[in-house]
Amino acid sequence: MTFLRIPLALSAVLVAAPVLAAVEDTDGDGMYSFEEVLATYPALTEAAFTEIDADGDGMLSVDEVAAAEAAGLLPAEG
């Protein structure tokens, strides 16, 4: 049953992959404002947001959010 190997392998990869929090891009601009990130991470401070904003543009990209989550820089939800 070769056809079962692919779904099983895929499920193993999905289980091993880190699960990122669902920060919602409410204005659809492809970036995350402090307010958008705050909705998912209510304990986030403006100072921490500025630290996470690697390029200093005042917004977070998907990559910046993922890096911050992986590094534990975003506080626990709720």
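Biologist: What lies 3.3 Å from a polar atom of the side chain of T40?

Modeller: The backbone oxygen of A22 does. Keep in mind that this is a predicted model.

Biologist: And where is the place of T40, and is T40 buried or exposed?

Modeller: T40 is in helix α2, which covers residues 34-40. T40 counts as buried because its relative accessibility is 11%, and the cut-off for buried is under 20%.

Biologist: Moving on to rings. How many aromatic pairs does the count come to?

Modeller: The count comes to one aromatic pair. F34 and F49 form it, and the pair is edge-to-face. The rings are 5.5 Å apart centre to centre, with 85 degrees between the planes.

Biologist: Why give both a distance and an angle for a pair of aromatic rings?

Modeller: A pair of rings is described by the distance of the centres and the angle of the planes.

Biologist: Which helices do F34 and F49 lie in?

Modeller: F34 lies in helix α2 and F49 in helix α3, residues 46-52, so the pair ties together parts that are 15 residues apart in sequence. F34 is buried, with a relative accessible area of 16%. F49 also counts as buried, at 5% relative accessibility.

Biologist: What about the largest nonpolar core, how many residues has it got?

Modeller: The largest nonpolar core has 13 residues. V37, L44, L60 and L74 have the most contacts inside it. Helices α2, α3 and α4 each supply at least two residues of this core, and the largest share, three residues, comes from α3.

Biologist: Take L44. Which residues does L44 touch, not counting those up to four places away in sequence?

Modeller: L44 touches F34, V37, L38, F49, I52, L74 and P75. That list includes both F34 and F49, the two residues of the aromatic pair.

Biologist: P42 next. Where is the place of P42?

Modeller: P42 is in the loop between α2 and α3. At 47% relative accessibility, P42 counts as partly exposed. P42 and L74 are 32 residues apart in sequence, but their C-alpha atoms are 9.9 Å apart in space.

Biologist: Now α4. Which are the buried residues of α4?

Modeller: The buried residues of α4 are E64, V65, A68 and E69. Seen down the helix axis, they fall within an arc of 130 degrees, so they line one face of α4.

Biologist: Why do residues three or four places apart point the same way in an α-helix?

Modeller: An α-helix has 3.6 residues a turn, so residues three or four places apart point the same way.

Biologist: What do the buried residues of α4 pack against?

Modeller: They pack against α3. The face of α4 turned away from its buried side carries the exposed residues D63, A70 and A71.

Biologist: And what is α4 followed by?

Modeller: G72 follows α4, and the phi of G72 is positive, near 75 degrees.

Biologist: Last, the whole protein. How many helices and strands are there?

Modeller: There are four helices and zero strands. The pattern along the sequence is α-α-α-α.

Notes
Residues are numbered from 1 along each chain as its sequence is written. This is a predicted model: local features need pLDDT of at least 70, side-chain atom pairs count only at pLDDT 80 or more; totals for chains, interfaces and linings use all residues. Side-chain values use heavy atoms; hydrogens and water are left out. Buried means under 20% relative accessible area, exposed over 50%, partly exposed in between (1.4 Å probe, protein chains only). A polar contact is a pair of N or O atoms within 3.5 Å; within protein, one must be able to donate a hydrogen and the other to accept it, and residues adjacent in sequence count only if both atoms are side-chain atoms. Rings of Phe, Tyr and Trp (its six-membered ring) pair if their centres lie within 6.5 Å; planes under 30 degrees apart count as stacked, over 60 as edge-to-face and the rest as tilted. A nonpolar core is a set of buried Ala, Val, Leu, Ile, Met, Phe, Trp, Tyr and Cys residues joined through side-chain atoms within 4.5 Å. Contact means heavy atoms within 4.5 Å. The arc is that of the directions from the helix axis to the C-beta atoms.
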